[in-house]
Amino acid sequence: MTENDLFKKLENLKVPQVETPIYKGSLKKALLTAHQNMQSKPFIIPNLFINMKKFAPVSLLAVALVVGVLYGTNLLSSPIASAQSMIEKAIAQVEQSKMAPDQQQKVLAVLNQAKQAKDLKFLGEKETAQNGKVKSLSFTDTNGKAVVVDLKENDLEKPASVEGQEQEGSGDSNTAGNEKTQTRTDSELNKIGDSAETSNTAVTGKAVEVKQSTDSNVEVKAPGADATEAVEASNDPAEAEQLK
Amino acid sequence: MKAEKILVERAKKDSDAFGEIYELHYQRIFNFILSRTADVAIAQDLTSETFLRALEKLWQFRWKNVPFSSWLFKIASNQINTHFRKGKTRPSSLDELYETTKFEPAILENAQTELIAAQEIVQKHSEFLEIKKLLTKIPVKYQEVIALRYFDQMKIAEIAEILQKKEGTVRALLSRGLSKLERLYIHDTSENLATRSPKENATF
C-alpha cells in the first residue's frame, strides 16, 4: 500500500448514510413544542434567568470596577489628594524656576514637608492684595509647627507664598536672623508684603515668598493682611535689615 | 437564497417555518455528525443539541448572504468539538428539552430498534471506520476540515464559510492534516503487514 491509496480512499470514501425517521419525527415534535413555548412565554425574562448564571462573574467584576472607579474618583477629589497634587505641581514649578538657590532650597524644604505631611489639607481660597487669588493649604511640619502655604490660584504651578505658624523663639538658623519674632503694625506688615514682593520678583520673576509667624493658631495671613506677628524669611540681608 | 432568507425570518416567530427548516437540513447535519462520531446514538444527541441551539439562537441570526446550512454546520461542528473535548455522552440542555417536552426517544421500543439497525449499517462501512479511527488521532482542527472536505464533499469556500476562516487557512489546514493522516496511515499499514503471518504475506 502506498500513500496514494489514502487519497484514493478519501476521494472514493463511502460515508454511511443512515436514516432514523422515528428519532427524527420525535425530535421535530419536541423542537416545535419548545418553539411554541418560547413564543407564548415572555421572551426576555426566562432568558435573563438562564443567563444570570453565565453573567454572574462578569457582573461581579463590573460592579467591582464601578465601585473601584467611584472610590478612586472620590479619593482623587478628596481634600488630601487635591492638596497633594497642588503641592506636587508647586514643587515641580519651583524646581524649574530661576530662584536664588538658597531661597529655592528653603521653599522646596517647606513644600516637601507639606507633601509628606499626613495632615496636609486644603483650607480654601482667598483674595490677597499681593498675589491676587491664592489657594491656602495647611500642614504640621516635622517640628510640630502648623504651617500655611499659599499657592496662586490662577497658576497653581507658581507657589505664591508659604507661611508658617510656630511657637515663639523657634526658627530656621540658616536664615541669618530673619527668623526673629517681631511684633508689627498693619502698616509695617504692608511694607513687608510690598518689599518681599519686590525682592522676590527681582530674584525669581515670580511672586514667591516664605513667611513664618509666631502665632501658634493656624491662621492664613497673606502679606499685607492684618497679621499681628510675622517674620520675613527672605535671603536678602538688606531686606531683612529693613524688615527689622 | 431569497426564499431561504424569508423562511428563516419566518421561522423566528412561526414554528411551522422552523419545522420546514428542520426537514430541509436534518439529514445532512445528522450524517455529518455521524461521519465524525461513527456512533448513531451520539450523532442523534448532537443533532438534537444542534437544532435546539439553532432554535434558541435563531433570533440572533443575521443574514449575511451565506446559506443557512453554513450556520447550522458551524453549530454542529462546535457541538462535535465540545463532545470530543469534554467527552460528554449527552449535553445537559437536551435533558431539559426532554423534560419540558416529554420527548425521550430512548424509551420508545421502535426508536431502539431503529438505532441498533442504524449502527449495524455504520459497522458495515469498514473502510470509513478505518479512516475515522486514524482521523481521531490527529488534532480536532484538522479533523473537522478533512471531514467537511471528504466526508461531506464540501468545497474549500464552503468550509471557509462554516469555520469562518480564510480559504488559504483552510487549504493550509487541509494540507497539514492530510500529511499527518498520511504518516499515520503509512505507519498503520506497515504495522499491519509486519504482524501478518508469513503465509498471509505470501498470498498478499
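**View 1. Overall make-up of chain B.** Chain B holds eleven helices and zero strands (DSSP runs numbered from the N terminus: helices, H or I, at least four residues; strands, E, at least two). The model is predicted, with local features needing pLDDT of at least 70, side-chain atom pairs counting only at pLDDT 80 or more, and totals for chains, interfaces and linings using all residues. Residues are numbered from 1 along each chain as its sequence is written, chains are lettered from A in the order in which they are written, and side-chain values use heavy atoms, without hydrogens and water. Of the 204 residues in chain B, 48% are buried (under 20% relative accessible area, 1.4 Å probe, protein chains only).

**View 2. Helix α8 of chain B.** Helix α8(B) spans residues 140–151, and nine of its twelve residues are buried. Among them are Y142(B), V145(B), I146(B), L148(B) and F151(B). Just after α8(B), Q153(B) adopts a positive phi of about 55°.

**View 3. The interface of chain A and chain B.** Contacts (heavy atoms within 4.5 Å) link 34 residues of chain A to 49 residues of chain B. The two chains bury about 4,300 Å² between them, 69% of it on carbon and sulfur atoms; this is the accessible area (1.4 Å probe) lost on being put together, summed over both.

**View 4. Salt bridges across the interface.** Three salt bridges are found between chain A and chain B (a side-chain nitrogen of Lys or Arg within 4 Å of a carboxyl oxygen of Asp or Glu). In the pair K9(A) and E130(B), the closest N and O atoms are 3.0 Å apart. On the side of chain A that touches chain B, α1 (3–11) and α2 (21–40) of chain A each give two or more residues, and α2(A) supplies the largest share, 16 residues.

How values were computed: Buried means under 20% relative accessible area, exposed over 50%, partly exposed in between (1.4 Å probe, protein chains only).
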